[in-house]
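Subject: The structure, and what turned up in it

Hi,

Here is the structure I promised to pass on. Have a look at it first, and then read on for what I found in it.

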Amino acid sequence: MTYSQTLDWMFAQLPIYQNKGKSAFNGKLDNIKLFSKALGSPEQQFKSIHVAGTNGKGSSSHMLASILQEAGYNVGLYTSPHLKDFRERIRINGIKIPEDDVINFVESNMPFFNDHKLSFFEMTVAMAFNYFAKEKVDIAIIEVGLGGRLDSTNIITPEVSLITNIGLDHTDLLGDTLEKIAAEKAGIIKNNVPVVVSENQKETVAVFKEIAESKNAHLIYADAILVKTYKTSLLGNYQQKNIKGVLATLKQLKEFTITNSAIEKGLLNVVENTGLMGRWQLLQEQPRVICDTAHNKEGLSLTLDQLKQQKYKSLFIVLGVVKDKNLDAILPLFPKNANYFFCCPKIERGLNAEELQAKASSFLLRGDAYSSVKEALEKAKSLAKKEDLIYVGGSTFVVAEIV
């Protein structure tokens, strides 16, 4: 198969949560454990950091990778979802896994996939672990896909675990309270492995304390530690919270030498070192076009607070969401004095633009519906003056179509 044919097969034959939603969620680790054993347990052949959380886990993972790269290490990075190309999920020192490696992995393991009906995510996680082991990385940053306890990445025993924060997202799968979701995220805590929590939230303190104590895992709250303020190339005021968690995590890496210079350079070169996109990303000037992948109440609260701090004459918002989003929770966060361009991302889970428009109008958010993200953005650009601001967001998949 060609690379394109390989991807077509992966996406068509195997369920993928980002497209299908709840029907694609596989809440067991049996398959990934079985497949990993067949591959020779690659996850045991490299050191790792495991990163979970509702918001900030992607940015934090990329920051960790960038700093460790600047410190001179060979660093694997596994993240999800991808924005443009599947290979964004699996990188070493910022370089995406070669297309041939993707093709060869799928072709050589096709009998196992067919026999055991592996999910898209199980297959992809195993591909990453196998690649990192083959390339002998010094350490890999492994971002949880969904939840933690039953996530396919949770077969690793890391040097340290990082949980960024807890918010009400994927409540159909993880629970409908912060305490329930925290328990799922805390499922990545391993016996005698330190765990860093970026933010101390009163609803989750007891959960983390109980689980950490049961695992004899040293628990560190990053926001309780006074640290030097660092600059980062990642725009967005919310990144300062992520930086604290990253610094506390790095302190737990006893076998790695990380200088202050590596931290400074790593944080200033995140995008260049790792290829991160979509976090308060400036796409153009005059008019300014900014996109952000924030898509739940907690993430959007921070992003929209920052939006309020921007200077502009008129505000244009290109907005699209997925069907399982709690619109009653997120739509009140958006400013009423903006011009809205409602759209639907090109995935099965995308919410119809007209439905979004109708729901938004009940919160006094006014605008027209468009047949695509691209059409909505082009219309906004055609109406905006050079002193105006266009914000694009609401979903990772909306941003993916325009970066």
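Let me begin with helix H16 (residues 353-361). What covers the buried residues of H16 includes strand S11 (315-319), helix H15 (327-330), strand S12 (339-342) and strand S13 (367-369). Those buried residues are Ala353, Leu356 and Ala360. Looking down the axis of H16, they fall within an arc of 60°, so they line one face of the helix. Please keep in mind throughout that this is a predicted model.

Ala262, Ile263, Gly266 and Leu267 are its buried residues. Down the axis of H12 they lie within an arc of 120°, so here too they line one face of the helix. The buried residues of H12 pack against helix H4 (57-70), helix H11 (239-250) and helix H13 (270-274).

Now to the sheet. It is an open one of eight strands with mixed pairing, in the order S4-S3-S2-S5-S1-S6-S7-S8. Strand S4 (95-96) and strand S8 (219-221) are the edge strands, each pairing on one side only. Moving through the order, S1 and S5 run parallel and are joined by five bridges, with alanine 140 in S5 as the bridge partner of serine 48. On its other pairing, strand S1 (residues 47-52) meets S6 in the parallel sense over four bridges, and histidine 50 has serine 161 in S6 as its bridge partner. S6 in turn runs parallel to strand S7 (residues 195-197), joined by three bridges; there, leucine 162 is partnered by valine 196 in S7.

Is strand S6 (residues 160-163) covered on one face or on both? On both: Val160 and Leu162 on one side, and Ser161 and Ile163 on the other, are all buried. As background, side chains in a regular strand alternate between the two faces of the sheet.

There is also a hairpin, made by S9 and S10 with three residues between them. Strand S9 (residues 281-284) and strand S10 (residues 288-291) run antiparallel and are joined by three bridges. Glutamine 281 stands opposite cysteine 291 in S10. In the turn, glutamine 286 has a positive phi of about 50°.

Next, the nonpolar cores. The largest has 37 residues, of which Met10, Met127 and Phe132 touch the most other members. At least two residues each come from helix H1 (3-13), helix H3 (30-38), S3, helix H5 (99-108), helix H6 (110-116), H7 and strand S5 (139-143). H7 gives the largest share, eleven residues. Another core, of 30 residues, lies apart from this one and includes Ile67, Leu234, Ala248 and Val270.

Phenylalanine 132 deserves a look of its own. Leaving aside neighbours within four places in sequence, phenylalanine 132 is in contact with Phe46, Gly76, Leu77, Tyr78, Ile90, Arg91, Ile92, Val137, Ala140 and Ile142.

If you like aromatic residues, a search of the whole structure finds 17 aromatic pairs. One of them is phenylalanine 86 with phenylalanine 120, an edge-to-face pair at 6.0 Å centre to centre and 80° between the planes. Phenylalanine 86 lies in the loop between strand S2 (75-78) and strand S3 (90-92), and phenylalanine 120 in helix H7 (residues 120-134), so the pair ties together parts that are 34 residues apart in sequence. Phenylalanine 86 is buried, with a relative accessible area of 1%, and phenylalanine 120 counts as buried at 1% relative accessibility. Elsewhere, ring pairs link Trp9, Phe35, Phe105, Phe112 and Phe113 into a cluster. A charged side chain meets a ring as well: arginine 87 lies over the face of tyrosine 3, at 5.8 Å from the ring centre.

Is isoleucine 155 buried or exposed? Isoleucine 155 has a relative accessible area of 16%, and the cut-off for buried is under 20%, so this residue counts as buried. Not counting residues up to four places away in sequence, isoleucine 155 touches Ile32, Lys33, Ser36, Glu43 and Phe129. The C-alpha atoms of isoleucine 155 and isoleucine 188 are separated by 9.0 Å, and these residues are 33 apart along the chain.

How values were computed: Residues are numbered from 1 along each chain as its sequence is written. This is a predicted model: local features need pLDDT of at least 70, side-chain atom pairs count only at pLDDT 80 or more; totals for chains, interfaces and linings use all residues. Side-chain values use heavy atoms; hydrogens and water are left out. Rings of Phe, Tyr and Trp (its six-membered ring) pair if their centres lie within 6.5 Å; planes under 30 degrees apart count as stacked, over 60 as edge-to-face and the rest as tilted. Buried means under 20% relative accessible area, exposed over 50%, partly exposed in between (1.4 Å probe, protein chains only). A charge sits over a ring if NZ of Lys or CZ of Arg is within 6 Å of the ring centre and within 35 degrees of the ring normal. The arc is that of the directions from the helix axis to the C-beta atoms. Contact means heavy atoms within 4.5 Å. A nonpolar core is a set of buried Ala, Val, Leu, Ile, Met, Phe, Trp, Tyr and Cys residues joined through side-chain atoms within 4.5 Å. Two strands pair if DSSP finds at least two bridges between them.
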